[in-house]
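Please have your viewer open as you read.

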Amino acid sequence: MAQQHRDSGSKSLLVLGIIWLLGAISDRLWFALDRSVPAWDQADYLTSTLKYLQALQHPQWFSGEWWTNFWLLSTKIPPLAYILTVPFLQVFGTGGDRATLVHLLFSAILLASVYSLGVQLFNRQVGLWAAAICVLLPGLYRFRLQFLLDYPLTAGITFAFYCLTMWKASEGRRKKEEGRRKKEEGRRKKEEGREIKEDFPHSPDLPLSPSPNLPLSPSHTPPLSPSSFFWAIAFGISLGLSILVKHTTVLFLFTPIVWLAVGAVRQKAWGRLGQLTGALLLSVAVFGPWAKTNWLLILTGGKRATLDSAIAEGDPGLNTIDAWIYYGQHLPEHVSWPLLLVPLVGLILYWRRRQNSSSIFYLNSCRWLAVFWGGAYLINSLNINKDDRYVIPYLPVLSIFLAYCLTLWPSRWGRQIRWGTIGLAILAMLFHIWPLGGAFGHSLVQIISPGNSSYPYLGKEWPHPEVIAEIIDREPYLQSTLGVLPSTPEINQHNLNFYGALANFQVYGRQVGTNLKDVPQDVRSLSWFVTKSGPQGSIREGIKKAQNAAVAAIEKGDKFELDKTWVLPDYTNLNLYHKRVQPVEIQPLNEGRSQVQLERVTVAAKAVPGVALPVTYTWSGPWQQLQSGLVLVTWQNQQSGDIPPGQTFRILHDRAIAQGTLHPGMLEADKFAVGFRVVDRTAMLPPANIAPGNYNLQATYLNRKTGETYPINVPAISVKIEAEPLDMRSQAEPGNEDKDPGNEDNTDKPELDLVTQLRAMAVNLPKGLPGLEPVFEQIGRINQYDPIQDYTVQAEQALEYRLQQEPNNLELAYALAFSRVLQQNVKSAIAALEKVTQLDSRNPYAYAYLAFVHLYGWHPKAAETALKPALALNSNLPEIRILNGVAQLMQGNLIQAWQDLQYLKKLKI
């Protein structure tokens, strides 16, 4: 009998493997023929896989800093799906289709979990039919053919639910064993009782066993089974891993977890409750390092992904019936009519003849599936942002129920019904993923399986690789940022960025031209743009005016020239524009160089305070020193000893050579043996309080990798700063634009380098929230221009060097702390802010910044300590009291936290 059971199990696993293999062959054939480009989210996720591939080339497993940077590669979206894709990229190479090979792994996990759930809750027959249905569900195969997180999430949630189900079942097995033990003990005691009666026939009856109505004594409390510990641990790990795929895992598993927890409390099964609690804590240990590193961005990004998206897409409000029946209405699209109706008819027929049926109805199993599915449906309906793909993780559990209902058909024709239903589902899938039968075939399949089809694109290839190759061909030694103005599924910032990442991350795509007042700065800051004729895609109404202004400045202005045009498969044109005068030019020399030299400086002879001053530096030197070099440039007043108090006597212009954009590209190593010349066109900012006079140039080279420094010989040149004329005062603030942001004259103004812009923003930090508002407005914009935010590292390294020379310079200390905060480097930011509090000890906001970073790093006690001087200085500042309230809340001091958080009402944002 045992041998027969094993043979049956082996045959079932063989059938399960065949189901997986047939699905894999179908998917890989589809990908082999598809010539489409990834859309927005797909391309963004593919780019993330390349980032993790790059990071895992040289891992430093025992370095805390490396792990922090590793988790920071994906700040808002959990990274496990990307990480699991890396081995496939290492083996099969990079590319969108190759990345989808990881879906073979997720399909194996999903089908194995569904089959195992079917066996555990019902029988092997149900498990195999459920696995087959999973392959054929439109809601699953549509997303199996795209590189999105929803399919990996489905596999992760289903596996975690399987582990939770096995843990739940371990209690049932323990109770059965305990029941058998009690029966045997009762039988033994009865026999002992009969023997006593025979020996002592007149003795009174004694209770030889506890009454069934009385609880067992603590000494008789059955122990937890070893299998329950195993499955609790498995559930904790699988739950944590699933959250590391996508944090919406909790929307699906919340209800079954609460259901079991409440059941344990009602039964006073404290051991079981402890196991469940331990499993949840174990899951936190799994996803905690990533969440702890990025928790603030997760919260802020969650608002954008839910509320903002829902408003923009016009999703129904929660006070309408449409919000609660939305996913119910889309269920036929997820499942198809045959797979939905035929099983339900089987259930109805079984229910009508249940008295005469020999089949067993698994009520408890169906109830457990209903707890999962019903809870997931209600919680996802409660989410204001609706999309079909958000709920596909509940489809595998639904497939188990549908498979069970299929087996309830009467045995006379049940086999034919099941195979006929699966056959219809296979035909529907084929018509949905292949253009069979043309328009007639599409109309026909909509009858039995409504919803969008997922045909492979078989037409002319899109020119994304050619666009990237053209930019690299024109600028082989530079990293470029491409401004992308259209936003269609085929032409958008994400997929152009992905193809740039495939080219060794030499080109980055970024969407600009979305804010009308920022258009002039967008145009000045980037050297490459793509525009498109015809429909512009998902450009929201609020930013169309900005996009039109950007397109006009690029196509009709005199700053850009058309580099190349491609005719797209939709018969529109894609235009690549290049700035006529490049901010950075680099060319190889015929001879080598031993050190960096400043060959020439071009700058206006006169300038005024607070107004950007164009300047061009021409550097030369060996490639390694140029690429790794920071130049600490100081324009020093010749009469610095006579400067009155309150005025500054220098202009700082520290930054990386070529603004940190030198890139080796795909060139051979011997190409870098010669020297190079770099022409660096930028602008510097004379401080608004700078003293009039003549300013001479000084320069020091700082190697970013080694820390080596040496003075640079500079040409004899000076700039005369004049007293500010009256007609220039309106322009004294950096970044101040004309009232008409679309005015093309704005594009003639010089653009400051990003390090200078960072230092200019840091000046506002001592003002608290009023000073932070303009900073927040600008950071997002300039981060688009430097996609890797290298300017923050440049600023940090330059400011560290300056502060070694001037340890009491408060302005530099604030700027250094700001640069570290932008890098989310908690430890070094705390050190910088502690220095700020020493230099600016009478400013409560300095302590507030320090406390905030402590809270970000989950150091509530240290935050409370940091806030004590601020409370002594001004205990009524809402910002200080709110931060103190958060610190108290994180420490569990609820009463004090409640009192301090009342100041939220007084906060003006």
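## Sheet and helices

Helix α21 (residues 493–502) lies across β1, β2 and β3 (528–532), and runs at about 170° to β2. Helix α23 (residues 544–556) also packs on the sheet, where α23 touches β3, β4 and β5 (573–579), and its direction makes about 110° with that of β3. This is a predicted model, in which local features need pLDDT of at least 70, side-chain atom pairs count only at pLDDT 80 or more, and totals for chains, interfaces and linings use all residues. Residues are numbered from 1 along each chain as its sequence is written, and side-chain values use heavy atoms, with hydrogens and water left out.

Helices (H or I, at least four residues) and strands (E, at least two) are DSSP runs numbered from the N terminus. Contact means heavy atoms within 4.5 Å; axes are lines fitted to C-alpha atoms, for helices over the stretch in contact, and angles run from 0 to 180 degrees between N-to-C directions.

The open sheet has 5 strands in the order β2-β1-β3-β5-β4, with mixed pairing. β2 and β4 stand at the edges with a single partner strand each, so one side of each lacks a neighbour in the sheet. Strand pairing requires at least two DSSP bridges; β1 and β2 pair in the parallel sense over 5 bridges.

| Strand | Residues |
|---|---|
| β1 | 480–484 |
| β2 | 507–511 |
| β4 | 560–567 |

Elsewhere, the axes of α10 (residues 226–245) and α11 (residues 249–266) come within 10 Å and cross at roughly 150°.
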